[in-house]
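Subject: Structure for your review

Dear colleague,

Please find below the structure that I promised to hand over to you.

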Amino acid sequence: SDTTPVARRDLEVVERNARALLFQVNELLELAKVDAQQMKMAYAEADIAELARFVAGHFELAAQENGVDLLVEPAEALNAEVDVDKLRHILFNLLSNAFKFTPRGGRVRLTARGAGARVTIEIADSGPGIPVEMRATVFERFRRLDDASRRTSGVGGLGLSIAAELARLHAGGISIATAPEGGALFVLDLPREAPPGSTFGHPTDARDSSRQLLLDVETLRPSVTLADPEEQLDNAPLVLVVEDNVEMRQFVASGLG
């Protein structure tokens, strides 16, 4: 409470980037579990439509601050047997990917529907889209499109890879198409019923999940603009700062100034 506005902004930058680093470390640990075949499934009966609205609700502030229209199309109760925690993770990564590449004034849409023994969830955006020839490779870890001005494969190059792995563990999958909005359309397809012999458990408390989702979504909020140094020293050396993260670049430049 007794910190100056400049110090408060600096601490906000540190905190947010620490959260981003923690998120990426956790993603690496998730992949390590998958690789070691230690990722256990704990199925539960869940309303997929309600779960989708729950996850999307945590992106509302990021949508407002980034000038993005977030549309969650209404759906009736859509019951299925899923690992709730892992499905939350899939939806978070797909929505994060959509927000990263949707320009101000654009739209992100989430739709959930059921058809017979399958459940389909669509995440569409109005961003640059993904070329047809690259759609088979964006789920590779740390994969980056040749045209860096278009899209990458999620947060830290792991988001889409993890989503695909978790979908596979559900005996489902994720495909990519062109969205009516003009950008990318990610289609998550899952069976309504768990495979025979599956283990049923209890999902994480929704309040705990909500707190974690809010922390993760913080990484999508607009960068903090740091104030220029109040004093410019005469004949001071000129330092070139090269950093692709806008917020971190400003932070380093401010410290050097």
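Of the 257 residues in the chain, 42% count as buried. Please bear in mind that this is a predicted model. The average pLDDT of the chain is 82, and 80% of the residues reach a score of at least 70. Residues 147-156 have a pLDDT below 50, although this stretch makes 36 contacts in the model beyond its near neighbours in sequence.

The secondary structure consists of seven helices and seven strands. Read from the N terminus, the order of these elements is α-β-α-α-β-β-α-β-β-α-β-β-α-α. Among contacts with a separation of 6 or more, 74% are between residues 24 or more positions apart.

In soluble globular proteins, nonpolar side chains tend to be buried together. In this model, the largest nonpolar core has 49 residues, and those touching the most other members are Leu87, Ile90, Ile121, Ile174, Phe186 and Leu188. Helix H4 supplies the largest share of this core, with nine residues.

Leu87 touches Ile48, Leu51, Val82, Ile121, His170, Leu188 and Leu190, when residues up to four places away in sequence are not counted. Phe186 belongs to strand E7, which covers residues 184-191. Its relative accessibility is 1%; since buried means under 20%, Phe186 counts as buried. The C-alpha atoms of Phe186 and Ile176 are 4.7 Å apart in space, while the two residues are ten apart in sequence.

Two packed helices are described by the angle between their axes and the distance between the axes. For helix H4 (residues 84-100) and helix H5 (residues 159-169), the axes come within 9 Å and cross at roughly 145 degrees. The crossing of H4 and H5 is left-handed. On the side of H4, the contact is made by Lys86, His89, Ile90, Asn93, Leu94 and Asn97. On the side of H5, Gly159, Leu160, Ile162, Ala163, Leu166 and Ala167 take part. The residues of this contact comprise seven nonpolar, four polar and one charged.

How many of the residues of H5 are buried? Eight of the eleven are, so H5 is largely enclosed by the rest of the structure. The buried residues of H5 are Gly159, Leu160, Ser161, Ile162, Ala163, Glu165, Leu166 and Ala167. Arg168 also lies in helix H5, but this residue is partly exposed, with a relative accessible area of 47%. Between the C-alpha atoms of Arg168 and Asp189 there are 9.8 Å, and the two residues are 21 apart along the chain.

Most residues other than glycine have a negative phi. Ala171, however, has a positive phi, near 65 degrees. Ala171 is found in the loop between H5 and strand E6 (173-178). With a relative accessibility of 46%, Ala171 counts as partly exposed.

With kind regards

Conventions. Residues numbered from 1 in each chain as written. Heavy atoms only, no water. pLDDT = per-residue confidence, 0-100. Contact = heavy atoms within 4.5 Å. Axes fitted to C-alpha atoms, helices over the stretch in contact; angles between N-to-C directions. Helix = DSSP H or I, 4+ residues; strand = E, 2+ residues; numbered from the N terminus. Left-handed = near helix turned anticlockwise from the far one by under 90°. Nonpolar A, V, L, I, M, F, W, Y, C, P; charged D, E, K, R; others polar. Buried < 20%, exposed > 50% of the residue type's maximum accessible area, 1.4 Å probe, protein only. Core = buried A, V, L, I, M, F, W, Y, C linked by side-chain atoms within 4.5 Å.
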